[in-house]
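Subject: Structure for you to look at

Hello,

Here is the structure I said I would send. Please open it alongside this note; what I found is set out below.

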Amino acid sequence: MSPKEVRLYNTLSRKIEVLTPGTPGTVDIYSCGPTVYSYAHIGNMRAYIFADFLRRGLTLLGYQVNHVMNITDVGHLTDDADSGEDKMELGCRREGASAWEIARKYTEAFFNHAAQLNILRPSTVCKATDHIPEQISLIEKLETKGFTYKTEDGLYFDTSRFERYPNLARLDTEGLREGLRVDKGAKRHKTDFALWKLAKPGEKRQMEWDSPWGRGFPGWHIECSAMAMKYLGAQFDIHTGGVDHIPIHHTNEIAQSECATGVQPFVRVWMHGEFLLLDDSIKMSKSAGHILTVDTLIEKGFDPRSFRFLVLQTHYRKQLGFSYEALTAAQKGLERLIQQVIKLPAPSTLSLEAGPKTQGALDYHAAFIHGVAQDLNMPQALAEVHKLVGDGAIDPQEKTLLLAAWDEVLGLDLWTPVKTNEEPVPQECLDLLLLRNQARQQRQWTEADRLRGELLSRGFEILDSPQGSSLKKRS
């Protein structure tokens, strides 16, 4: 079938626009991926669920989708103003492991969590450390064109040379620059950003490379431009990320990309997912310590799909309040929906290619498609699901045909019962965990290891995180 018309909100124009891919029938998407120095929290995962709905929805609408996502395993500093230490080095010091071990551990954890949330793996996953030559080459283009300058700690992009710099975030760059004292060796403007950071004298980092400007490592922003261009070209269709990427990371991507290639716009449509808020008021943040992971939800007895179902009920451009009460309600709602669906014929018993035939079923499908095609209005699409399963006038086989097709977008596994782990942890095991943590605090490592072994013998493994320790039933 020919692809359906899709209308998406473009952050750059602040308007809903008709998607016009560079190659008819094909949509190229780049998504900003995780910085793998720690676990991704469920606020991060909301952004990846949103990108997954986008990819799945476009596929249902008839497009071939090429989805690229990066893994940031170097260059992301603790301060967006190009100061502080690399987050990977921070992870090394925290856990006493190498940067490469930290990157591997948390990359694997990310994709495990993504799989539990039924997030499809991108067509291409690319790591920053695997693309250092491409980043150096892109920086060299910017240097040749006069967009860079060197300071004592690195090579920087001069944002004053790019007049469209404020457009994505609607920044008041003059206000930001006003009164800024410029010292030798410092950034010329507050909005300038690092392309290549030089290793400090006497400091030995685990991740650094030789370059035309000296030994060091790339800035955070350059990786996305370099890898997006390698896999999608100098211009592509959609770039996704969280709203926190708008004022700095994505603004910088546009500047360096369009200045290096002369092609504009770098991206046709910029899409940003809103924050997940803890108790409707606190943004999930690793730096602030408000972290809940997929493992946390599982430990508390939730099926990860319940979180996906919760996300599904709020438009991606609206903030979503999270609480365990809300997640409990979502899980119960998902259970009720699945209990209705599993009474229908199983998809494996039908020829799904046949599709619905009656006008009533076709009307439902058109309404679902309309929701997906109108700026990814998943709450509207979900409303059609609820109406369909309760409509006695639609033949059960046609319901199955529709729901099986729709579930390719929803990603809820509608014929799979909800899984919970509500078995309480015995009090004696909780007491052993407390004793083990006390032993660790007193640096009694042998005793701490003994207590860990005792818990393992009782069928529980210890999960340590910055928020504390918990127990998980061994499978």
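Which residue just after helix 4 takes a positive phi? That residue is Gly146, and its phi is about 85 degrees. Please keep in mind throughout that this is a predicted model.

Helix 4

Helix 4 runs over residues 132-144. Its 13 residues should span 18 Å at 1.5 Å a residue, and the C-alpha atoms at its ends are 18 Å apart, so the two values agree.

The buried residues in helix 4 are Ile132, Gln135, Ile136, Leu138, Ile139 and Leu142. They sit on the same side of helix 4, because the arc they cover around the axis is only 160 degrees.

The buried residues of helix 4 pack against several elements. Among these are strand 8 (148-151), strand 9 (154-157) and strand 10 (193-198). Strand 11 (216-218), helix 6 (220-232) and helix 7 are also packed against.

His113

His113 belongs to helix 3, which covers residues 99-116. It counts as buried because its relative accessible area is 3%, and the cut-off for buried is under 20%. The His113 side chain makes a polar contact with the side chain of Asp295, at 3.2 Å. Leaving aside residues up to four places away in sequence, His113 touches Tyr39, Ala40, Met45, Thr293, Val294 and Asp295.

Backbone in the loops

- Pro265: the peptide bond leading from Gln264 to Pro265 is cis, with omega near 0 degrees. Pro265 is in the loop between helix 7 (246-261) and strand 13 (267-273).
- Leu376: phi is near 55 degrees, a positive value in a residue other than glycine. Leu376 is found between helix 11 (359-373) and helix 12 (378-389), in the loop. With a relative accessibility of 4%, Leu376 counts as buried.
- Asp413: phi is positive here too, at about 50 degrees, although Asp413 is not a glycine. The loop that holds Asp413 lies between helix 13 (396-410) and helix 14 (427-441). Asp413 is partly exposed, since its relative accessible area is 36%.

Regards

How values were computed:
Residues are numbered from 1 along each chain as its sequence is written. This is a predicted model: local features need pLDDT of at least 70, side-chain atom pairs count only at pLDDT 80 or more; totals for chains, interfaces and linings use all residues. Side-chain values use heavy atoms; hydrogens and water are left out. Helices (H or I, at least four residues) and strands (E, at least two) are DSSP runs, numbered from the N terminus. Buried means under 20% relative accessible area, exposed over 50%, partly exposed in between (1.4 Å probe, protein chains only). A polar contact is a pair of N or O atoms within 3.5 Å; within protein, one must be able to donate a hydrogen and the other to accept it, and residues adjacent in sequence count only if both atoms are side-chain atoms. Contact means heavy atoms within 4.5 Å. The expected span of a helix is 1.5 Å times one less than its number of residues. The arc is that of the directions from the helix axis to the C-beta atoms.
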